[in-house]
Each structure stands twice: as C-alpha cells, then as structure tokens.
Amino acid sequence: MLSTSRRIRQLSCRQLRGFSSTRLVKSHIGKAPIKYTNEVKVEHLPEAYSKTDSRFFDKTTLRVTGPMGERTMAIEPFVKLDFVEPKDKTSAEAEYQVTVSVANSELKNQRQMWGTTRALISNCVVGVTEGFSATLRFVGVGYRAGLESGKLVLRLGYSHPIAMAIPEGLTVSVPVPTRVLIRGIDLQQVKLFAAKVREWKKPEPYNQKGIFIDDETIRKKDGKKK
C-alpha cells in the first residue's frame, strides 16, 4: 500500500498539472483596424449578397476593388463596419481604415463571426493589392507537371496523365517540370486548388515522395524490419 505522504504528493501533482498562473486573455483580432491605401476601394453596399440563395437574403454585400481585381463577400446583419478616412486624401501615403464591431459581443455566434469577418476582409484587401500564391513541389522519380491546352497535366506514375481544369480567376504556371505556381486574389480558391492537386499524390512518410505545398515537410518513418 502507498504511504500517506506519497498519496498526497501524487494528488498534488495531478492538481497542479492542469493549473496555470497565466491570466486568460481573449483574442482581439476583431478589434484591430484594417488599413489600406487610396488604390483600394472598400464599399459596404446595403443590397443583399445574393438574390437567389435564401441563406444570404438578410446579409449585405462588401465590395473591395484594387489593382489586381475585385472581391465581394457577405456581411452578417449584426456586424457593423466603421470607415475612417485620412484628412489629406490627395497624399500618396494616405491611410484609410475600416474597423469591425458586432451588436452584442456577449453572444457566442457574434463573437465567433467578429474575428472571422475581420480576417476575411483583410484577405480581400491583400488579395486585390498583392494577391496570394501557392507553390507545389513534385518529389519522386518521373513526377512532373505541364500545361497543355489550358489545363494542368500531371504525370505521377499512373498509367495515364491527369488533366485538371484551371478554375476561373487563378493563374497557373510551371517554371520547371517539378514546380507548379498557383496565383490568385482569392486565398481560399488558391489553397483549395492546391489541395486538389495534392490529393493525387499525397506525401508518404517512408520514401518522402509526393506533392508538397509550399514549405510542407513530413517526418520520415522507418520501414518494417525483420
């Protein structure tokens, strides 16, 4: 049987294991203002985001226009956008700001959409000014890619090449046969197409071959030993 002092020590360890002296701090991503220059135009339109889909009837439209294109997104009815314009609009360094807030921050669903909405608007601003990109690396003997008739053609060791249609709004280039560069103004669309290409040959841990996205790495595993 365990002694009394040893039981006390074990109990104390269990209690301290889940104890932290750090104060719980909530994320304040939603409160951070989104800054952009005069080459970007952000408009909050009162019209419904979609007139055919009932999910968006009560949601307004945010339109972001920049040098690389235009993006639109739905804004929840409880989300409020405050725009701040600079005093000197003619200056090349004039900085505009938009701040996101919600009607009642005590409600869970509104707190969730607070930071999400701010992040999506920021992605729209970055997308129309700088754009997003994803690089695919082909690792494996004979693995290569190319562009043929406006489609991305993959050769991954199967009995036939795989032809993938390039979604509208994306630009795909193949600087070398083992590299594919995907560019676009929509971050979700760029990463989604990259993930679909990766699905054809996921990286495997034994020989570390497959299609890798950006700086993706995989830990090598040893094979079964007799």
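Residues are numbered from 1 along each chain as its sequence is written, and side-chain values use heavy atoms, with hydrogens and water left out. Because the model is predicted, local features need pLDDT of at least 70 and side-chain atom pairs count only at pLDDT 80 or more, whereas totals for chains, interfaces and linings use all residues.

Select R118 in helix α2 (residues 108–129), where helices are DSSP runs of H or I with at least four residues and strands are runs of E with at least two, numbered from the N terminus. R118 is buried (under 20% relative accessible area, with exposed over 50% and partly exposed in between, for a 1.4 Å probe and protein chains only). It has no salt bridge (a side-chain nitrogen of Lys or Arg within 4 Å of a carboxyl oxygen of Asp or Glu), and E95, the nearest side chain of opposite charge, is 11 Å away. A polar atom of the R118 side chain does, however, lie 3.0 Å from the backbone oxygen of A32.

Next, select E43 and R63, whose salt bridge brings the closest N and O atoms to 3.1 Å; the pair links strand β2 (residues 41–48) with strand β3 (residues 60–66), 20 residues apart. R63 counts as partly exposed, at 26% relative accessibility.

Then show E76 and K59, a salt bridge with closest N and O atoms 3.1 Å apart, in which both residues are buried.

Finish at K191 and D214, where the corresponding distance is 2.9 Å.

Definitions and conventions: Lys and Arg count as positive and Asp and Glu as negative; His and the chain ends are not counted. A polar contact is a pair of N or O atoms within 3.5 Å; within protein, one must be able to donate a hydrogen and the other to accept it, and residues adjacent in sequence count only if both atoms are side-chain atoms.
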